[in-house]
Amino acid sequence: TGVQTCALPISGNSPYMSSSAFAGNLLLVDLEELARQGWLRDEDLVPDAALDATRVDFAAVVPFRMERLQRAAGRFAGERRHEARDAFMAFCESQASWLDDYALYMALSETLGGDWTRWPAALVKREPAALKAATQQNAARVGFWKFGQWCFFRQWQALRRYAHDKGVHIVGDAPIFIAHQSAEVWAQQHLFELDAQGQPTVVAGVPPDYFSATGQRWGNPLYRWSEHARDGYAWWVERMRRTFDLVDRVRIDHFRGFVAHWEIPASAPTAEIGRAHV
């Protein structure tokens, strides 16, 4: 038996425009479990009047849940149980290859805006001194985003163990392309078709067909496959390894993108102008 899910953090309510290809969706964190840990109180769990039990209103849900997660992070900061602190630190160390960049990216997005290409040049270019200073200056928010991911992964693994005990396997989607405004593109700019300012030169989509006279302009940056090949496709290996930490089966959407894709000039408003790249 299998159940399919998407656990990525979403932007614009779309799993294809995620702020990270590695992080978990913090809207899925179980607030009641955080209360059982002592990091939230009963009154924190009372639903906001703007929430409707019959439908999901992201504009109301997101601030409610994120504010409660912030409360939990604040109380965790005063946590005296060594086992909890040690588990958090162990998680941060084991996930450092993506977590450090993700947490800093999210913290900087809050203070500098969501478009990383408009940040100060030293941060766009990821100069080591600038990254170190930014991490220190935003230490509290960096810690918050790491705490949120720890909560997500800890709870997800408990859910996965429960599913396995019931004979259920989890199937996860992995969109082949990722969002330009994401931690991974900012952190690994050389792996994508970007110009010197970090802007995409070409973007993904599909050509005109029976269903659409102008095609589909998805807007995701395309991979610079020659750079991936230099290190044995290490980024993709890591991405798939991390995905299998969450799920038992992975569906890559669209897998054919490994073979060929439609390359659209970033300046083109539709997918009519482009070329097949094999």
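Visitor: Where is Pro128 placed?
Guide: Pro128 is in helix α6, where helices are DSSP runs of H or I with at least four residues, strands are E runs of at least two, and both are numbered from the N terminus. This is a predicted model, so local features need pLDDT of at least 70 and side-chain atom pairs count only at pLDDT 80 or more, while totals for chains, interfaces and linings use all residues. Residues are numbered from 1 along each chain as its sequence is written, and side-chain values use heavy atoms, with hydrogens and water left out.

Visitor: Is Pro128 buried or exposed?
Guide: Exposed, with a relative accessible area of 66%. The cut-offs are under 20% for buried, over 50% for exposed and partly exposed in between, using a 1.4 Å probe and protein chains only.

Visitor: And how far apart are Pro128 and Ala196 in space?
Guide: They are 18 Å apart, C-alpha to C-alpha, and 68 residues apart in sequence.

Visitor: What about Tyr233, what is its phi?
Guide: Tyr233 has a positive phi of about 60°, although it is not a glycine. You'll find Tyr233 in the loop between α9 and α10, and it is partly exposed at 38% relative accessible area.

Visitor: Which peptide bond is cis?
Guide: The one from Asp253 to His254 is cis, with omega near 0°. His254 belongs to the loop between β5 and β6 (261-265).

Visitor: OK, helix packing now. How do you describe a pair?
Guide: Two packed helices are described by the angle between their axes and the distance between the axes.

Visitor: So at what angle do α4 and α7 cross?
Guide: Roughly 125°, with the axes of α4 (residues 96-112) and α7 (residues 139-165) coming within 8 Å. Axes here are lines fitted to C-alpha atoms, for helices over the stretch in contact, and angles run from 0 to 180 degrees between N-to-C directions. The two helices are therefore oblique to each other; under 35 degrees counts as roughly parallel, over 145 as roughly antiparallel, 65 to 115 as roughly perpendicular and the rest as oblique.

Visitor: Which residues of α4 and α7 meet?
Guide: From α4, the residues include Trp98, Leu99, Tyr102 and Met106, and from α7 they include Arg141, Trp145, Gln149 and Phe153. Contact means heavy atoms within 4.5 Å.

Visitor: How many nonpolar, polar and charged residues has that contact of α4 with α7?
Guide: It has 10 nonpolar, 1 polar and 4 charged residues. Ala, Val, Leu, Ile, Met, Phe, Trp, Tyr, Cys and Pro count as nonpolar, Asp, Glu, Lys and Arg as charged, and the others, Gly among them, as polar.

Visitor: And α3 with α7, at what angle do they cross?
Guide: Roughly 100°, and their axes come within 10 Å. That makes α3 roughly perpendicular to α7. On the α3 side the contact is made by Ala84, Ala87, Phe88, Phe91 and Cys92, and α7 brings residues including Gly143, Phe147 and Trp150. By class, that contact of α3 with α7 divides into 8 nonpolar, 2 polar and 1 charged.

Visitor: Next, α10. Which of its residues are buried?
Guide: In α10 (residues 234-244), they are Trp235, Trp236, Glu238, Arg239, Met240, Arg242 and Thr243. What covers them includes α3, α4, β2 (169-175), α8 (183-187), α9 (225-230) and β5 (249-253).

Visitor: What does Trp236 contact?
Guide: Leaving aside neighbours within four places in sequence, Trp236 is in contact with Ile176, Tyr223, Trp225, His228 and Phe258. Trp236 has a relative accessible area of 6%.

Visitor: Last one: where is Ile178, and what does it touch?
Guide: Ile178 is in the loop between β2 and α8. This residue is buried, at 6% relative accessible area. Not counting residues up to four places away in sequence, Ile178 touches several residues, among them Ala21, Phe192, Pro221, Trp235 and Arg239.
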